[in-house]
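Please keep the sequence and the model in view while reading the points below.

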Amino acid sequence: MALDTLKKIEEAVKERPQELAEARKNGAKVVGWFNYNIPEEIIHALGLIPIRLGIGGDDRLVEIGARYISTKNCVFTREIVGLFAENQDPYIKNSDLVAVDATCLQTYRVAELIKYYFKVNTLILGVPRNFYLPEGQEYFWKELESFTQKLEEFAGNKLDKNKLAESIKLYNGIRKALKDLYKYQATDSPSIKWREVFDAVHAGFYLDRDKYLSLLQELLKELKEEHGEPVIKNLNGDARILLSGSIIPPKDTKLIDIIEQVGGRIVGDELWSGLNPSLNVNIKEPSVKGIADAYINRVPHAALPYLDLETDGRLKNLKQLIKDYKAQGVIYHTLRYCDPFTFKAGETKDVLKNEGVPLLEIHTEYAGSDVEAIRTRAEAFVELIKNKNILEATL
Amino acid sequence: MTQKANNKPAFAGVDVGSLSTKSVIVSNGTIVGYGLIPTDVKLGTEKSGLTSLQKALEVAKLSHDDLKYIVATGYGRISAPYANKTVTEITCHGRGAHYLHPSTRTIIDMGGQDCKAIRLDKDGNVIDFAMNDKCAAGTGRFLEVMANVFKVKLDDLGPLALKAKEIVPMSSTCTVFAESETISLLARGEKPENIIKGIHHAIANRIAGMFSRVGVENDVFFSGGVAKNVGMKAALEEVLKAKIVAPEYDPQLVGALGAAILAKTYGSKV
């Protein structure tokens, strides 16, 4: 039975499009954004409403998008273009400005395309290809300064240090609450499933951020009362799976449904539409530079190069999450033509093999034609994990 | 290999594939019956499974009631209410190949509509696998289409490839494009056996790509209906630079055998 606060979150998400439309009537401005490195703290501190855009899993929208971009572009970007072409998504419709950072370059190109075809008001944030060089860090800092100036012009006010400090505090609270929620879903016989936590993360793409934090804290309180402290004692014979790879945006449930149907238990994710953006954010001072430095030191998105396999932050994070959530295998989701993750699948598999953790790559798109083929792979992977514990099988 | 079962409990594996349905019955530590029929689309996967099982029961001189436990596998496993449990064909091929040839570490399974690379540990547990992606290349269906282009029986395709003096490279493994490319090559006057060898090599190269994800370790076992094709076996050995062990049992029945072995394992616990 769903927790009371989860129902409240679900209700709040349902009401949000109407709430946004009314806020805009009263003069509020909405900044929708895509990609990975847009700092919501700055948008929020300027009194603008941040909304993270993008849904997945709808082949019809993909086909509409493919009228404007190649069928060899990633299926998520095709669906985004389809969303703008159709202009029915309430969050797309209610965005006064669309901000996109140049992390995943296909998503970044979408910003150019929607400006050209649909006259969308867009704002781009440049991202360095090397986060570790001082020149790369300086580039990002200057890009963020320029991005902030343009946002200030759009908002009609200047970034205030105290307001920024308050926004940072709010977002630190949200990130901490989400990390705590993930601990609960990974426990034995949890009161909350990973899928419910994942949905709660997605609710945070839309809801008013102050309201969202209070709902998350209420949810954590409810969990603590019901479950006590989150501790993983034993593995209960579950096939504990960590989900990694290409984006799984709201409404793309194909792979998640299949994993659950074949008896796998997802105990965490390493996704840029899941836990990853909440990890390793350490903002040392309430300034644009403080935020630039902190974002650059987060878990990197796969679109950015390893540069050094041994010290790569994403792989280090992946290994840590496997350990924290006691995952026994990784399902690595790659979307067709999503270069950042498909290119890195082989290396990621090898790195984990050395740690004794099996990895299954599922390469897919939003059409339903491969559902049964994915089912066989996912089911065999669950058997592979469970069979580790059986059996002398002979005649 | 088949012998009449005595009063010991019997266990069955049913492998409902896209083109053929196979059943194997084991009892008293041995294989006592098998059935192999084309999967009948009109009949449906459930009835195809039961028909092949009935054939295996007739060979074993047993009745359905003698079966203590049934495991269904293959793509039709989701429509097998007669089974006590379903297991994927990946795990079943692993168990079957391990039983037939215990030093198997790598399996190439080429069936009617898909193709798999499977790696095993010394106990027959699957440690890694890869499957072909949304494409008929390297499957029984692909070879059926090609046999039709050359107007030869499917069974003759492999021996013809072995007769080739040269190899005509085939650039496509897409079933539709390979068919039109073949017609063009024949029109150009290329010898059929040389083209057929080219087709087998194109598939073997594609499968080698699949193995780059999981690796190859000896001994290599070839299962599935396509394993009966000697031309494909030769092409795979050449491309993978590995020796494929000689089949000790009908390779098309390996999945059903693995399912029967698992039926005994699970059924003995009941």
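The model is a predicted one.

**Contact between chains A and B**

- The contact between the two chains involves 17 residues of chain A and 22 residues of chain B.
- On the side of chain A that touches chain B, helix α15 (residues 371-387) of chain A supplies the largest share, 9 residues.
- By residue class, this side of chain A consists of 7 nonpolar, 4 polar and 6 charged residues.

**The open sheet of chain B**

- Chain B holds an open sheet of 4 strands in the order β8-β7-β6-β9, and the pairing is mixed.
- The edges are formed by β8 (126-131) and β9 (220-223) of chain B; each has a single partner strand, so one side of each lacks a neighbour in the sheet.
- On average, and with direction ignored, neighbouring strands of this sheet are turned by 15 degrees against each other.
- Within the sheet, strand β6 (residues 106-110) and strand β7 (residues 115-120) of chain B form an antiparallel pair over 5 bridges.
- In this pair, B:M110 is found opposite B:C115 of β7(B).
- Helix α2 (residues 89-100) of chain B packs on the sheet and touches β6, β7, β8 and β9 of chain B. The direction of α2 makes about 55 degrees with that of β7(B).

**Strand β4 of chain B and its partners**

- Is strand β4 (residues 67-73) of chain B mostly covered or mostly uncovered? The strand is mostly covered, since 6 of its 7 residues are buried.
- Strand β1 (residues 10-16) of chain B pairs with β4(B) in the parallel sense, over 6 bridges.
- B:F11 has B:Y69 of β4(B) as its bridge partner.
- Strand β5 (residues 85-86) of chain B also pairs with β4(B) in the parallel sense, here over 2 bridges.
- B:A72 is set opposite B:T86 of β5(B).

**Helices α6 and α7 of chain B**

- Helix α6 (residues 192-214) and helix α7 (residues 230-240) of chain B pack with their axes 8 Å apart, at an angle of about 50 degrees.
- The two helices, α6(B) and α7(B), are therefore oblique to each other.
- The crossing in which α6(B) passes α7(B) is right-handed.
- Residues of α6(B) in the contact include B:I196, B:K197, B:H200 and B:F211, while those of α7(B) include B:G231, B:A235 and B:L240.
- The residues of this contact divide into 11 nonpolar, 4 polar and 1 charged.

**B:A161 and its surroundings**

- B:A161 belongs to helix α4 (residues 154-162) of chain B.
- B:A161 counts as buried because 26 C-beta neighbours lie inside 10 Å, and the cut-off for a buried residue is 20 or more.
- Apart from neighbours within four places in sequence, B:A161 is in contact with B:E193, B:I196, B:K197, B:H200 and B:G231.
- B:A161 and B:A235 are 74 residues apart in sequence, with their C-alpha atoms 9.1 Å apart in space.

**Loop residues and backbone geometry**

- Most residues other than glycine have a negative phi, and most peptide bonds are trans.
- A:Y337 is not a glycine, yet its phi is positive, at about 70 degrees. A:Y337 is partly exposed, with 18 other C-beta atoms within 10 Å.
- B:N28 likewise has a positive phi, of about 55 degrees, without being a glycine. B:N28 sits in the loop between β2 (20-27) and β3 (30-38) of chain B, and with 13 other C-beta atoms within 10 Å B:N28 is partly exposed.
- The peptide bond that joins B:N218 and B:D219 is cis, with omega about 5 degrees. B:D219 is placed in the loop between α6 and β9 of chain B.
- B:D121 is found in the loop between β7 and β8 of chain B. B:D121 is partly exposed, with 14 other C-beta atoms within 10 Å.
- From C-alpha to C-alpha, B:D121 and B:S103 are 9.1 Å apart in space, and 18 residues separate them in sequence.

Notes. Residues are numbered from 1 along each chain as its sequence is written. Chains are lettered from A and ligands numbered from 1 in the order in which they are written. This is a predicted model: local features need pLDDT of at least 70, side-chain atom pairs count only at pLDDT 80 or more; totals for chains, interfaces and linings use all residues. Two strands pair if DSSP finds at least two bridges between them. Axes are lines fitted to C-alpha atoms, for helices over the stretch in contact, and angles run from 0 to 180 degrees between N-to-C directions. Two residues are in contact if their C-beta atoms, placed from the backbone, lie within 7 Å. Ala, Val, Leu, Ile, Met, Phe, Trp, Tyr, Cys and Pro count as nonpolar, Asp, Glu, Lys and Arg as charged, and the others, Gly among them, as polar. Angles under 35 degrees count as roughly parallel, over 145 as roughly antiparallel, 65 to 115 as roughly perpendicular and the rest as oblique. A crossing is left-handed if the near helix is turned anticlockwise from the far one by less than a right angle, and right-handed if clockwise. A residue is buried if 20 or more other C-beta atoms lie within 10 Å of its own, exposed if 12 or fewer, and partly exposed in between; C-beta atoms are placed from the backbone.
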